[in-house]
Amino acid sequence: DAKVTYMATYRRDEAPYDFAPDIATLAERCDTLIVACPDTPSTRHIVDRAVLARLGKDGLVVIIGRGPVIATDDLIAALRDGTIAASGEVKRLADL
């Protein structure tokens, strides 16, 4: 069974899932981190070396948002040195 945990700007009382107050805590609690957020100044590089380290060596990060929400150099380093297991990015068909 998969356990769903979410992070948002505030806790949603109606949500039947566990809430994480920040992305580092969220990464620490999961095996697969799916990032779906808009490209804003507050989300730029929200996934960085520290977040990837908390995800762990068996971790998978999937980006489905647009823009630079992940620090690319940190991701490449994490993949090369085994900090995380894998990553993926979902593209719109129009972008392919």
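## A tour of the predicted model

Select Tyr6 and Phe19 to begin: Tyr6 is buried, and Phe19 is buried too. Keep in mind throughout that this model is predicted.

**Stop 1: the ring pair.** Stay with these two residues and show their side chains. How many aromatic pairs does the count come to? One. The ring centres of Tyr6 and Phe19 are 5.3 Å apart and the planes stand at 65 degrees, so the pair is edge-to-face; the angle is over 60, the cut-off for that label. Now colour the strands. Tyr6 belongs to strand 1 (residues 5-6) and Phe19 to strand 2 (residues 18-19). The two residues are 13 apart, and their pair links distant parts of the chain.

**Stop 2: the core.** Next, select Leu33, Val35, Val47, Leu52, Leu55, Val61 and Ile84. These residues have the most contacts inside the largest nonpolar core, which has 20 residues. Which elements give two or more residues to this core? They are helix 1 (23-28), strand 3 (32-35), helix 2 (49-55), strand 4 (60-63) and helix 3 (72-81). In soluble globular proteins, nonpolar side chains tend to be buried together.

**Stop 3: Leu52.** Setting aside neighbours within four places in sequence, Leu52 is in contact with Val47, Val61, Asp74, Leu75, Ala78, Thr83 and Ile84. Pick Thr83 from that list and follow it.

**Stop 4: Thr83.** Look in the loop between helix 3 and strand 5 for Thr83. Is Thr83 buried or partly exposed? Its relative accessibility is 24%, so Thr83 counts as partly exposed. Beyond neighbours within four places in sequence, Thr83 touches Leu52, Ala53, Gly56, Lys57 and Ala78.

**Stop 5: His45.** Move to the loop between strand 3 and helix 2, where His45 is found. Check its backbone. The phi of His45 is near 55 degrees, a positive value in a residue other than glycine. His45 has a relative accessible area of 33% and is partly exposed.

Stop 6: Where is Val90? It sits in the segment after strand 5 (86-89). Val90 counts as partly exposed because its relative accessibility is 48%.

How values were computed. Residues are numbered from 1 along each chain as its sequence is written. This is a predicted model: local features need pLDDT of at least 70, side-chain atom pairs count only at pLDDT 80 or more; totals for chains, interfaces and linings use all residues. Side-chain values use heavy atoms; hydrogens and water are left out. Helices (H or I, at least four residues) and strands (E, at least two) are DSSP runs, numbered from the N terminus. Buried means under 20% relative accessible area, exposed over 50%, partly exposed in between (1.4 Å probe, protein chains only). A nonpolar core is a set of buried Ala, Val, Leu, Ile, Met, Phe, Trp, Tyr and Cys residues joined through side-chain atoms within 4.5 Å. Contact means heavy atoms within 4.5 Å. Rings of Phe, Tyr and Trp (its six-membered ring) pair if their centres lie within 6.5 Å; planes under 30 degrees apart count as stacked, over 60 as edge-to-face and the rest as tilted.
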